[in-house]
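Visitor: I am new to this structure and would be grateful for a close look at how its side chains are placed and paired. Please begin with a single residue and proceed from there.

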Amino acid sequence: MFQIFLRFFSLGLISFGGPAAHIGYFRQTFVQELNWLDDKHYGSLVALSQFMPGPGSSQVGFAIGYHRGGLLGGIAAFLGFTLPSFILLFLLAVTSSQWLDYSFTQGIIHGLKLLAVVVVADAIWIMFKQFCQRKQAKLLMVLSCVIILLQPSMLMQFGLLIAAALVGRHYLAGEREEPAAAAQSVKLNWFYLSLFVGLLLASLTMIALSKSAGIASLTELFSQFYQVGSMVFGGGHVVLPLLQQSVGDAISNDQFLTGYALAQAVPGPMFALAAFLGAEIWIQQPLVGALVATLAIFLPGFLLMLVALKSWHAISAKPQVTGAVAGVNAAVVGFLLAALYNPIFTSAVLSPLDMALVVLGFGLFKIFKPNIFILVAGFGVTGALIGAFVS
């Protein structure tokens with residue numbers, strides 16, 4: 001268990017670049033160097049993480065740990081990979097009042113917000129080409145974006161995901177499944193599935209009760225982040241629109257985007273943003289808030305991985321299942337496009353100079369494909385210089 005923890009902790013210290021980069025780090029370390037599993041098995045775990053809602057790269061890491069050491073191995077992998085980013089974002093949250101008022105740090109944060117526009121725009125571009133190839137998928141994407149722009153709410157997003165799954169099941173289904181795959185029985189782990197569904201229903205109920213009573217609680221905090229973790233398909237930046245809708249009443253847009261900007265600047269999974277938000281929301285006990293929010297947002301994805309790990313090949317061969325997932329992925333692209341406008345673009349791009357920096361950054365990003373750390377440093381320094389000049 002300690003070996004698993006140590007390997008993932010070392011990766012958590014250096015894993016800049018988002019989920020796609022994390023997948024590459026994992027393959028290099030656990031397939032090529034340590035030979036814990038082969039390429040075929042690793043590829044199946046990556047495919048399963050794309051199929052399930054939750055933090056994609058963290059789900060792959062959890063599955064590798066599970067393969068190596070069972071459930072405790074999966075937990076050790078999660079703790080190791082997430083701990084560095086959790087500690088950094090928690091410390092940034094609890095000390096933010098000491099440094100956020102300085103023009104220098106405000107400039108850095110503003111620069112990182114502009115980087116967020118670039119990174120999310122690039123994510124949308126890539127996801128659109130990947131998930132919206134057919135006309136039906138493109139239409140689902142456009143309608144989802146328009147509806148969320150006009151009626152932004154968690155309930156609306158949940159309803160759209162269900163509708164997109166039903167549309168995709170009928171109109172985006174693939175070819176017939178192979179006879180070999182059809183002959184395999186699907187054996188789900190009903191304990192973990194029941195636990196996932198039970199917690200989801202409980203979270204929906206608790207949020208409704210808390211809103212009617214007007215009383216905030218740790219149970220409500222857990223419910224908000226668990227609900228988000230249950231509906232995030234695609235991982236990474238896709239968590240933004242759902243999180244913003246879920247916790248928007250408890251935290252300002254500026255605080256939210258500050259957390260997202262800082263999450264860009266630290267290694268590890270984007271879902272560790274929950275540590276910053278949990279500490280900011282539950283200010284009376286920030287460490288408790290950070291722990292509850294982080295556990296809640298990661299838990300659904302891990303439970304669903306445990307449900308399907310042993311039957312993934314048979315599940316993925318079902319055309320109607322793949323069609324439903326295709327519909328959901330198309331809707332998610334629409335959600336992310338809506339989030340690119342509000343709150344990301346509207347809170348970050350405040351002048352023609354800001355827009356010029358976004359266009360320049362996006363162009364350099366697509367042409368030269370620099371390391372994310374170089375982008376973080378470049379936008380941070382640029383923002384600091386602009387902040388110093390304006391002040």
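**From one residue to the paired side chains**

Guide: Ile75 counts as partly exposed because its relative accessibility is 37%, a value that falls between the limits of 20% for buried and 50% for exposed. The model under discussion is a predicted one. Ile75 is placed in helix α4, which covers residues 56–94. Together with Met1, Leu71, Leu72 and Leu79, Ile75 makes a nonpolar surface patch of about 450 Å².

In soluble globular proteins, nonpolar side chains tend to be buried together. Here the largest nonpolar core has 122 residues, and the members that touch the most others are Phe26, Tyr42, Ile64, Phe225, Leu243, Leu277 and Ile297. Beyond its neighbours within four places in sequence, Ile297 is in contact with Phe225, Val228, Gly229, Val239, Leu243, Phe271 and Ala274.

Two further residues illustrate buried positions within helices. Ser223 belongs to helix α11 (residues 218–231) and is counted as buried because its relative accessible area is 2%. With neighbours within four places in sequence set aside, its contacts are Ser203, Met206 and Ile207. Gly259, in helix α13 (residues 253–265), has a relative accessibility of 0% and therefore counts as buried. With neighbours within four places again set aside, Gly259 is in contact with Leu273 and Phe276. Tyr226 is 33 residues from Gly259 along the chain, and 19 Å separate their C-alpha atoms.

Aromatic rings deserve attention next. A pair of aromatic rings is described by the distance of the centres and the angle of the planes. The structure contains 15 aromatic pairs. One of them joins Phe30 and Trp36, whose centres are 5.0 Å apart and whose planes make an angle of 35°, a tilted arrangement. Both Phe30 and Trp36 are buried. Another pair, Phe191 with Tyr192, is edge-to-face because the planes stand at 70°, with the centres 5.2 Å apart. Phe191 is exposed, at a relative accessible area of 56%, whereas Tyr192 is buried, at 17% relative accessibility. Phe8, Phe26, Phe30, Trp36 and Phe81 are linked into a cluster by ring pairs.

The charged residues complete the picture. Side chains of opposite charge can pair when their charged atoms come close. The structure has three salt bridges. In one, the closest N and O atoms of Arg27 and Asp39 are 2.9 Å apart. This pair links distant parts of the chain, since Arg27 is in helix α2 (residues 18–33) and Asp39 in helix α3 (residues 39–51), twelve residues apart. Arg27 is partly exposed at 31% relative accessibility, and Asp39 is partly exposed at 39%.

In another salt bridge, Asp254 meets Lys113 at 2.4 Å, N to O. Because Asp254 lies in helix α13 and Lys113 in helix α6 (residues 103–131), this pair ties together parts that are 141 residues apart in sequence. Asp254 is partly exposed, with a relative accessible area of 44%, while Lys113 is buried at 7% relative accessibility.

The remaining salt bridge is formed by Asp122 and Lys366, with the closest N and O atoms 2.8 Å apart. Asp122 lies in helix α6 and Lys366 in helix α18 (residues 352–368), so the pair ties together parts that are 244 residues apart in sequence. Asp122 is buried, at 9% relative accessibility, whereas Lys366 is partly exposed, at 26%.

Terms used. Residues numbered from 1 in each chain as written. Predicted model: local features only at pLDDT ≥ 70, side-chain atom pairs only at ≥ 80, totals over all residues. Heavy atoms only, no water. Patch = residues over 30% accessible without salt bridge, like charges linked within 9 Å, V, L, I, M, F, W, Y side chains within 5 Å. Areas by Shrake-Rupley, 256 points an atom, 1.4 Å probe, with all protein chains shown as cover. Salt bridge = Lys/Arg side-chain N within 4 Å of Asp/Glu carboxyl O. Helix = DSSP H or I, 4+ residues; strand = E, 2+ residues; numbered from the N terminus. Buried < 20%, exposed > 50% of the residue type's maximum accessible area, 1.4 Å probe, protein only. Contact = heavy atoms within 4.5 Å. Phe/Tyr/Trp six-rings, centres within 6.5 Å; stacked < 30°, edge-to-face > 60°. Core = buried A, V, L, I, M, F, W, Y, C linked by side-chain atoms within 4.5 Å.
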